[in-house]
Amino acid sequence: MSVAVTGATGFLGLHLVRELLRHHNRVLLLSRRNTVPAEERVTRFLQASGVTDTRLLELTPRLTSVDIDVRVPQLGLGDAAFQQLADRIDVLWHCAGNISFSDCDEDVWRTNVDGMRHVLALVSAGRREPLVCHVSTVAVAGGRRHGTVREEELDASHGFQTLYERSKYEAEVLLRRWVRLHGGRAAVFRPSGLITHHPTYPGRPRHLLQMAAEACAAGLRMFPELAAPDGSLRVPAAEGAQTNMLPVEHAAFAMVEAVRRRPPRDIDTYHVVNSRNTPMTEVAAAIAGHLDTPEVHLDPRPGPPVSPAVQAVSREFGMYTRWLQVTRRYDDTNLAALGLSYPGRPTVDRDYLRDCLR
Ligand SMILES: NC(=O)c1ccc[n+]([C@@H]2O[C@H](COP(=O)([O-])OP(=O)(O)OC[C@H]3O[C@@H](n4cnc5c(N)ncnc54)[C@H](OP(=O)(O)O)[C@@H]3O)[C@@H](O)[C@H]2O)c1
């Protein structure tokens, strides 16, 4: 069985490739052209994950790559190369994405929505009728702040806080239409925030918490008046604001295993989440510890009007501050039915989060 992966060199994609190598003889990396070949980037990751040299010698010849760009028709390949690729694939993991939270970045739409369209053109062109495993996100729930989001929901009625959310929603809509019209088969995975406490290494893609910490540091550099004289920060947040995060290692394992245990007949959707939400106070404490800021107070009181500096930060780093208004949870019935829910260890608490930021 021939398995291909887009986005294989990204934070999640690297972990997916490692899982796929456990079960498949060869893995085809569909990756963006880079001065460092995709095979080498995957090899570096495997090495940093503790794979022994002997095992690496066995694994690396099983990786091959084709350079693609999901933003352009035929993924940037000529007719013959496109058809050849389409005829080769039995299972396509589509993990390439632009995860920028900037609303001015037109590349987000081109990568996530046009990219999905072009990937679907690829799987429709081949003679093998491949299974599509699409990496979506819990962010397709958009502006919904409270309650429990179910796996079968795909609902735009709450609006979207960012172009990223909207683009991932649109990509799912396109995929569902393709399944309906072409009788295709797909698994949709919606992970929550993915993190890891494993030490970083030069060139490893950053994870969400690192990006959030960097955004906080940048906010403080740009608007030092945000901090009180004692260095502490007061940030407006909803009462009980919380988020959902889980280790990327479990997410990648559960996704690959879900398809093995239950090959989809039409379309299956899975929330790949932690059954325990993490209070934003714990996230704030971890980031504050990392930045050497004495304390971050999440302030649920409606209180005095938000200062111009906070307003400026909200504009600049909107997605991060909007998360502070959310208490929603995610149902993971479909993954639980396969015995693949997150076991809850390690516990995603402030200590674990601080380890993730080391
Ligand atoms: N990380 C999370 O917490 C999280 C949570 C939920 C869902 N997701 C979803 O998971 C997927 C992967 O996210 P990630 O965190 O791994 O992101 P990432 O580290 O930024 O990786 C993105 C991957 O997509 C590739 N890519 C980007 N633009 C491309 C293009 N035009 N053509 C071909 N490949 C392209 C990148 O290639 P290069 O290596 O060349 O840049 C990289 O391999 C995304 O679809 C995201 O929506 C992530």
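**Close-up views of a predicted model**

View 1. A polar side-chain atom of Asp-69 lies 2.9 Å from a nitrogen atom of the ligand. Let's set the ground rules: this is a predicted model, in which local features need pLDDT of at least 70 and side-chain atom pairs count only at pLDDT 80 or more, while totals for chains, interfaces and linings use all residues. Residues are numbered from 1 along each chain as its sequence is written, and side-chain values use heavy atoms, with hydrogens and water left out. Back at the ligand, one of its oxygen atoms is 2.7 Å from an N or O atom in the side chain of Arg-32. Gly-10 takes part through its backbone: an N or O atom there lies 3.0 Å from a ligand oxygen. The protein covers 90% of the 900 Å² of accessible area that the ligand has on its own; such areas come from the Shrake-Rupley method with a 1.4 Å probe, and for residues only the protein chains shown count as cover.

**View 2. The shell around the ligand.** Which residues come nearest to the ligand? Out of the 26 residues around it, they are Thr-9, Arg-32, Tyr-164, Lys-168 and Leu-194. A residue is near a molecule if one of its heavy atoms lies within 4 Å of it. Helix 1 (11-23), helix 6 (163-182) and strand 8 (193-195) each supply at least two residues of this shell. Helices (H or I, at least four residues) and strands (E, at least two) are DSSP runs, numbered from the N terminus. Tyr-164 lies in helix 6. With a relative accessible area of 11%, Tyr-164 is buried; buried means under 20% relative accessible area, exposed means over 50%, and partly exposed is in between (1.4 Å probe, protein chains only). Tyr-164 and Gly-142 are 22 residues apart along the chain, and their C-alpha atoms are separated by 9.4 Å.

View 3. Helix 5 runs through residues 106-125, which makes 20 residues. From first C-alpha to last it reaches 27 Å, close to the 28 Å expected at 1.5 Å a residue; the expected span is 1.5 Å times one less than the number of residues. Where is the kink in helix 5 centred? Look for Gly-115, where the kink is about 35°. The bend at a residue is the angle between axes fitted to the seven residues ending there and the seven starting there.

View 4. Now turn to helix 8 (residues 248-261), whose 14 residues should span 20 Å; its end C-alpha atoms are 20 Å apart, which agrees. Why is helix 8 largely enclosed by the rest of the structure? It counts as enclosed because 11 of its 14 residues are buried. Among them are Val-248, His-250, Met-255 and Val-259.

View 5. Gln-74 is partly exposed, at 29% relative accessible area, whereas Leu-75 is buried, at 1%.

View 6. How many disulfides does the structure hold? The count is 0, where a disulfide is a pair of cysteine sulfur atoms within 2.5 Å. For Cys-133, the nearest cysteine sulfur is that of Cys-95, 11 Å away. Cys-133 counts as buried, at 0% relative accessibility. Cys-216 is in no disulfide either, and its nearest cysteine sulfur, that of Cys-356, is 15 Å away. At 34% relative accessibility, Cys-216 counts as partly exposed.

View 7. Glu-282 lies in helix 9 (residues 280-291) and is buried, at 13% relative accessibility. The side chains of Glu-282 and Arg-276 are joined by a polar contact of 3.3 Å. A polar contact is a pair of N or O atoms within 3.5 Å; within protein, one must be able to donate a hydrogen and the other to accept it, and residues adjacent in sequence count only if both atoms are side-chain atoms. Elsewhere, a cis peptide bond joins Arg-345 and Pro-346, with omega about -5°. Pro-346 is found in the loop between helix 12 (333-337) and helix 13 (350-356).
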